[in-house]
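Hello! I am passing a structure on to you, and I have written up what turned up in it. Please have a look at it and then read on below.

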Amino acid sequence: MFSTSFTWNDFLFLLQGAWVTLLLTLGAMAIGTVAGVLCGLLRALLPRATLPLSWLLDVFRSVPLLIQFVLFNSLKSIAGLNWSAFTVACIVLGIYATAFCTEIVRSGVLAVPFNLRRASRSLGLTYLQDLRYIVLPIATRVAFPGWLNLVLSVMKDTALVMWIGIVELLRASQTIVTRIQEPLLVLCIAGLIYYVMSLVVARLGARLETRWQEND
Amino acid sequence: MFDYTFHWRAAYKALPDMLAGAWVTFETAALSMVFGVIIALLLTLMRQGRNPVLRGFAATWISIARNTPSLFQIYILYFGLGSFGLHVSSWFALLAGITFNNAGYLAENFRGGLKAVPDTQLRAARSLGMSAAQAYRLIVVPQLLRIVFYPLTNQMVWAVLMTSLGVIVGLNNDLTGVTQDYNVKTFRTFEFFALAAVLYYLIAKAIVAVARILSWRLFRY
């Protein structure tokens, strides 16, 4: 009754897909975090001057990711750039993550009480020292849970890159389904892998968070 | 290097069809929100209750909805139900998938909102002679809605964006589906999808604007 043609090799194929998913998440988050911290700092420190930046980033949050992928992919062909689909996916997801990361970092920086910064300045720290030793450590603790949520949501959003032809976890499961015709089983296994990956990231993050809060 | 001429006229000609698609998109998102809110309230109640089976059910629902991609959830409804002999249309699979997802996220929001309503409010209402149902209906839920209103709008925008996934399971009358149909016919990918992106942006902004006006009207003390 429970016979299945799902083999060990199929499982390895799924794991390979999961590895691509993880790589994509890593690449996108690397771009998103660096750009997001920069933009977020700018937004928090120069709110008036960088207003256009927030409008620009808002566009990436209000347009479906799927359409962003298609648009960027065709733009790449129009401009004649010979990039791989993986690069395109990383860049699009990276910009998408930047848009969210900026808001997270901005609210983190704004959460640092202004009196604290005044105190540090009056103790003789320069503006940059104040930023480096006072604002960033506190803002990091505030922003970290939001950042972790962003990692999890980007990991889930990588499922959409199948549309531009990258074989990641969900696409790999589709390939196997086409061959052995047991959609429920294969999809459940793929879902389980996603679930475990999210859970591991969430647990690691929670552990880091408690460790940071030890001497607060 | 750059030898591509844009043909926007074709995209403009498709605009009426795409607007019709946008309406389908909005309808689907709104329906999924309505069902999502109802289910999320039920899930929140189940979580508060004492029955371990219901609690487990709610916890499982929420953790699956939050920890797997929404595309996966739509897939499992579209392809997975087929193995039970239940063949659903792609629109239904999309709606059910988004509703499932919304309910999971909203239940978490409602839990947070419920925590933010002070316990003393409920106790005061009870000691003024209200029944439990009355106290919930007249005291707790209005305050809860006020707190979760902003996350609710956010989730509505998310729902609109998520409807674009319908095209992957073969839906062809929502905004992305219509766009993809035209794209397949003419191969003017950039023009059509740029127009679709503009429409999505406008829908999202319209939702936020309406919510802002609504909250200004509703939540005045």
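**What was found**

In chain A, residues 184–206 are 100% helix and 0% strand, and the end C-alpha atoms of this span lie 32 Å apart. Helices here are DSSP runs of H or I with at least four residues, and strands are runs of E with at least two, numbered from the N terminus. Before going further: this is a predicted model, in which local features need pLDDT of at least 70 and side-chain atom pairs count only at pLDDT 80 or more, while totals for chains, interfaces and linings use all residues. Residues are numbered from 1 along each chain as its sequence is written, chains are lettered from A and ligands numbered from 1 in the order in which they are written, and side-chain values use heavy atoms, leaving out hydrogens and water.

The span 184–206 is one of those that the unreviewed UniProt entry annotates as "transmembrane region" in chain A, along with 20–46, 83–105 and 125–144. Such annotations may be inferred rather than shown by experiment, and their positions are given in the numbering used here, with feature names shortened. Residues 20–46 of chain A are 96% helix and 0% strand, with end C-alpha atoms 38 Å apart.

Now to the rings. Over all chains there are 11 aromatic pairs (ring centres of Phe, Tyr or the six-membered ring of Trp within 6.5 Å; planes under 30 degrees apart are stacked, over 60 edge-to-face, the rest tilted). One of them joins Y96(A) and F100(A), edge-to-face at 5.1 Å centre to centre with 65° between the planes. Both residues belong to helix α4 (residues 85–110) of chain A, 4 residues apart, or about one turn of the helix. Together with W158(B), Y96(A) and F100(A) make up one aromatic cluster.

In chain B, the ring centres of Y75(B) and F79(B) are 5.2 Å apart and the planes are at 85°, so this pair is edge-to-face too. Is Y75(B) buried or exposed? Y75(B) has a relative accessible area of 4%, so Y75(B) is buried, whereas F79(B), at 27%, is partly exposed (buried is under 20%, exposed over 50%, partly exposed in between, with a 1.4 Å probe and protein chains only).

Two charges also sit over rings (NZ of Lys or CZ of Arg within 6 Å of the ring centre and within 35 degrees of the ring normal). The charged end of R132(A) is 4.8 Å from the centre of the Y133(A) ring, and that of K185(B) is 4.9 Å from the centre of the Y182(B) ring.

Happy exploring!
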